[in-house]
Amino acid sequence: MEKSYPECLKCKIGVLIPLSDYGREGSSILYKAWVCTNPECGYNLRIDNGEISRGDVIRKTTK
Ligand SMILES: [Zn+2]
């Protein structure tokens, strides 16, 4: 299996996979966010307007 995605630096179990998004006017934004494949880790990186923001834990909404 070829290792094509970077290893998660937090848990070192999962890998970071890129997520794409769609911007205004339907243009696609490639690799806007990266998330760890390990669900117990939840590490994620987002790129907004050229700035990197990081969240170690994805915020859960509780009702
Ligand atoms: Zn991880």
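This report describes the strands, the core and several individual residues of a predicted protein model.

**Basis of the model**

The structure is a predicted model, in which local features need a pLDDT of at least 70, side-chain atom pairs count only at pLDDT 80 or more, and totals for chains, interfaces and linings use all residues. Residues are numbered from 1 along each chain as its sequence is written. The term pLDDT denotes the predictor's confidence in each residue, from 0 to 100. For this protein the mean pLDDT is 81, and 81% of the residues reach 70 or more. Among the elements, β1 has the highest mean pLDDT (84), whereas strand β4, residues 51-55, has the lowest (78).

**Strands and their pairing**

The protein contains 0 helices and 4 strands. Both terms refer to DSSP runs, numbered from the N terminus: helices are H or I runs of at least four residues, and strands are E runs of at least two. Along the sequence the pattern is β-β-β-β.

Two strands are said to pair if DSSP finds at least two bridges between them. Strand β1 and strand β2 (residues 28-36) run antiparallel and are joined by 6 bridges.

**Burial and the nonpolar core**

A residue is buried if 20 or more other C-beta atoms lie within 10 Å of its own, exposed if 12 or fewer, and partly exposed in between, with C-beta atoms placed from the backbone. Buried residues account for 8% of the 63 residues in the protein. A nonpolar core is a set of buried Ala, Val, Leu, Ile, Met, Phe, Trp, Tyr and Cys residues joined through C-beta atoms within 7 Å. The largest such core has 5 residues in all: C8, W34, V35, C36 and Y43. In soluble globular proteins, nonpolar side chains tend to be buried together.

**Contacts of selected residues**

Two residues are in contact if their C-beta atoms, placed from the backbone, lie within 7 Å. Among contacts between residues at least 6 apart in sequence, 22% join residues at least 24 apart.

| Residue | Residues in contact |
|---|---|
| V15 | Y5, P6, E7, C8 and T37 |
| S20 | S28, I29, L30, Y31 and K32 |
| V35 | L16, I17, L19 and N44 |

V15 is found in the segment before β1. This residue counts as partly exposed because 16 C-beta neighbours lie inside 10 Å. Although V15 and Y5 are 10 residues apart along the chain, their C-alpha atoms are separated by 6.1 Å.

S20 belongs to strand β1. It is exposed because 10 other C-beta atoms lie within 10 Å. S20 and W34 are 14 residues apart in sequence, and the C-alpha to C-alpha distance between them is 8.9 Å.

**A residue with positive phi**

K12 also lies in the segment before β1 (16-22). The phi of K12 is near 60°, a positive value in a residue other than glycine. Most residues other than glycine have a negative phi.

Note on methods:
Lists of a residue's contacts leave out its neighbours within four places in sequence.
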